[in-house]
Amino acid sequence: MSEIKSVIVWGDSILKGIISSEDLTQIRPSEINALQMAGEKLAIEINNKSIYGAHIIKLQSTQTKNLNKGLTADIALIESGTNDCDYEWNDVCTKPFSEITQKVPLADFKRIASEMVDTSRENKITPVLVTAPDLAIPYWKEYITRGLDKEKIAQFIGDDPYVLLRNQEEYMEALRQIAKEKNVQLIDMRVEFRKTSDPMSLMCKDGVHPNIEGHKLMADVFVKLLPEIKKEF
């Protein structure tokens, strides 16, 4: 039996369970949520405070508010980076490229993620970092250019759209580095998706959110790995 009985989650729309429709006209909560399924199977209480569209600055603010209200748990899942490494694509189309920066610079992302780990421990909650699946670049490229200046975005990205995937990987690698440096347990969901024969088939057509089959995979990963997490307190 796992010693973990309760989990609080500070993540973005990936762990919140948001999916897009096939025609990309709707963004909505999935009827199949990985954490909900895992919690039910493991008999673990899941308090999911994940926020659609959130970057790590918002998640740190949410963490502070939750803890000030007395919320607690055995472990905290901390997942971020995909929104942080992204750009405001409308700005890309309307402003000089020299003014365009990622939503949260990598150095700030590292610092805040590290602070969230420390804050969890200060409140006797075991932190667990979680990486996000790879962006499905062919889908993602189409999604970000909808209704915008495709040529301007193409100029900004350059000849290789996979630079966006490499950007995301830098942020995921930052989580791995923090896990190593601070002796934090890690659920590397990115690696789990890569183990499958066709990771893109597990992603919505927006290229960023796991689809229902993706949520089933994430649920299996949580069911397997959450019982292996060791409480620090």
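Leaving aside neighbours within four places in sequence, I75 is in contact (heavy atoms within 4.5 Å) with I4, S6, V7, I8, I125, T126, V128, L226 and I229. A second, separate core of 17 residues includes I100, W140, Y143 and F156, where a nonpolar core is a set of buried Ala, Val, Leu, Ile, Met, Phe, Trp, Tyr and Cys residues joined through side-chain atoms within 4.5 Å. The largest nonpolar core has 53 residues, of which I75, L77, L129, I187, M189 and F222 touch the most other members. The model is predicted, so that local features need pLDDT of at least 70 and side-chain atom pairs count only at pLDDT 80 or more, whereas totals for chains, interfaces and linings use all residues. Residues are numbered from 1 along each chain as its sequence is written, and side-chain values use heavy atoms, with hydrogens and water left out.

The largest pocket holds about 230 Å³ of space; on a 1 Å grid over the protein atoms alone, a pocket is an open set of points where a 1.4 Å probe fits, with protein on both sides within 12 Å along at least five of seven lines, and lining residues have an atom within 4 Å of a point. Its volume is the space filled by probe spheres set on the points, which are joined across faces, edges and corners. Of the 15 lining residues, Y52, N83, W140, V208 and H209 are the closest to the centre of this pocket. By class, the lining comprises six nonpolar, five polar and four charged residues, with Ala, Val, Leu, Ile, Met, Phe, Trp, Tyr, Cys and Pro counted as nonpolar, Asp, Glu, Lys and Arg as charged, and the others, Gly among them, as polar. At least two lining residues come from each of α1 (13–16) and α6 (137–144), helices being DSSP runs (H or I, at least four residues) and strands likewise (E, at least two), numbered from the N terminus.

H209 lies in the loop between α9 (189–194) and α10 (212–225), and is buried at a relative accessible area of 5% (buried means under 20%, exposed over 50%, partly exposed in between, with a 1.4 Å probe and protein chains only). The side chains of H209 and S13 make a polar contact at 2.6 Å, that is, a pair of N or O atoms within 3.5 Å of which, within protein, one must be able to donate a hydrogen and the other to accept it, residues adjacent in sequence counting only if both atoms are side-chain atoms.

The second largest pocket holds about 160 Å³, and its lining divides into eleven nonpolar, no polar and one charged residue.
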